[in-house]
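The questions below ask for one, and the answers set each value against its cut-off.

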Amino acid sequence: MAPTLLLLISVPLLFLVAPRLLPPRPSPISLPDELDDLSLFRRAAPDSPSSSSSSPPLPSAKSRLGSTNRSPKIAFLFLTNSPLAFSPLWQIFFSNASSPHLYNIYVHADPSVPVPIQPPFTANHFIPSKRTERSSPTLISAARRLLANALLDDRHNTFFALISQHCIPLHSFAYIRKTLFHRSIDHLDYRSFIEIESNETFMSNRYNARGEGVMLPEVPFDRFKMGSQFFVLTRRHAVAVVRDRRLWRKFRLPCIRDRDSCYPEEHYFPTLLSMEDPGGCTGYTLTRVNWTGMVGGHPHTYGAGEVSPELIYKLRESNLSQHYLFARKFAPDCLDPLLNISDSVIFRD
């Protein structure tokens with residue numbers, strides 16, 4: 001009886017202890033890249049909560065773009081692994097800003113893909129970048145890299161808008177700025193626009209994509225959230241994301257199950273910020289995405305034949321407190337039709 005009883009007790013213990021004894025699974029992020037990022041993140045957001053990185057913008061701050069303007073700014077963060085097809089549209093968008101000192105631009109371009117530089121993007125806007133891969137934590141790293149560079153570059157950056165190469169603006173710069181800065185000038189009143197959901201039917205598969213129970217104890221299932229990959233964060237939340245080490249240790253692990261359940265970038269940011277400061281987040285995103293007719297995990301991609309004033313008006317609509325400010329996903333052949341209605345529709349609020 002004793003050997004049988006011992007066997008019955010030892011088997012469950014083996015399953016519990018084995019993951020801690022076995023060698024770690026290979027990470028899609030190399031150790032040199034991880035250490036390089038860690039050095040960047042520590043400069044951008046030192047570990048001390050009292051660090052001045054989380055303080056309001058300082059009047060004396062000077063960005064690498066040469067601005068000493070005291071106005072709070074929007075940092076536009078472009079995350080891309082292909083050419084920026086809508087550069088001409090974004091050029092019109094930024095040229096309509098009342099002052100070039102009201103925004104900054106940062107681009108993370110996958111170095112394995114040639115990305116031509118054309119206005120409004122200059123070589124100065126491209127940050128040191130690394131490879132990105134779908135269904136892997138490399139997309140989280142890239143977004144954190146953008147945030148860290150923007151934090152370091154200009155203390156006046158107050159909102160941080162993450163955008164893809166397939167995104168377009170749905171309003172003028174003035175409208176977007178007014179929407180984001182509609183609260184008092186006290187930066188503590190600002191809230192982040194990030195989608196935070198927890199009731200999707202597939203959440204269990206997403207949660208266990210790295211293995212059963214691997215996310216514990218840092219991330220219990222009831223604290224695991226989902227949201228859009230694209231967001232607009234306040235400065236204090238950008239600091240929180242860059243400073244995080246605890247949750248990153250879990251989310252950087254590779255998925256060992258169906259890759260269709262592995263989209264860490266859709267979970268890391270909403271999970272972290274819902275734990276850090278749920279009251280400081282709206283719970284919704286300002287980027288409109290059409291998931292009808294989803295193909296291979298990708299949302300509907302609009303083609304040139306679908307572009308019209310009516311589409312822009314429809315994409316702006318929201319049952320939330322703000323209209324959508326950006327939309328995706330658009331194919332490159334949409335550029336000319338979008339330019340044709342840019343002045344009369346898109347940037348005419």
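Q: What covers the buried residues of H10?
A: In this predicted model, the cover of the buried residues of H10 includes the strands E4 (168-169), E8 (287-289) and E9 (326-328), together with helices H11 (335-340) and H12 (342-346).

Q: Why are the buried residues of H10 said to line one face of the helix?
A: In H10, which spans residues 309-316, Leu311, Ile312, Leu315 and Arg316 are buried. Viewed down the helix axis, the buried residues fall within an arc of 135°, so they line one face. Glu310 and Lys314 are on the other side of H10 and are exposed, a label that requires over 50% relative accessible area.

Q: What makes E4 and E8 edge strands?
A: The open sheet has three strands in the order E4-E9-E8, with mixed pairing. E4 and E8 each have a single partner strand, so one side of each lacks a neighbour in the sheet.

Q: How do you know that E4 and E9 pair?
A: Pairing needs at least two bridges, and two bridges join E4 to E9. The two strands run antiparallel. Pro169 has Phe326 in E9 as its bridge partner.

Q: Why is H4 called oblique to H7?
A: H4 (residues 138-153) and H7 (residues 235-243) pack at an angle of about 125°, with their axes 9 Å apart. Roughly perpendicular ends at 115 and roughly antiparallel starts over 145 degrees, so an angle in between counts as oblique; H4 is therefore oblique to H7.

Q: Which residues of H4 and H7 meet?
A: Arg144, Leu147, Ala148 and Leu151 in H4 meet a set in H7 that includes Arg235, Ala238 and Val242. The crossing of H4 past H7 is left-handed.

Methods. Residues numbered from 1 in each chain as written. Predicted model: local features only at pLDDT ≥ 70, side-chain atom pairs only at ≥ 80, totals over all residues. Heavy atoms only, no water. Buried < 20%, exposed > 50% of the residue type's maximum accessible area, 1.4 Å probe, protein only. Helix = DSSP H or I, 4+ residues; strand = E, 2+ residues; numbered from the N terminus. Arc of directions from axis to C-beta. Contact = heavy atoms within 4.5 Å. Axes fitted to C-alpha atoms, helices over the stretch in contact; angles between N-to-C directions. Parallel < 35°, antiparallel > 145°, perpendicular 65-115°, else oblique. Left-handed = near helix turned anticlockwise from the far one by under 90°.
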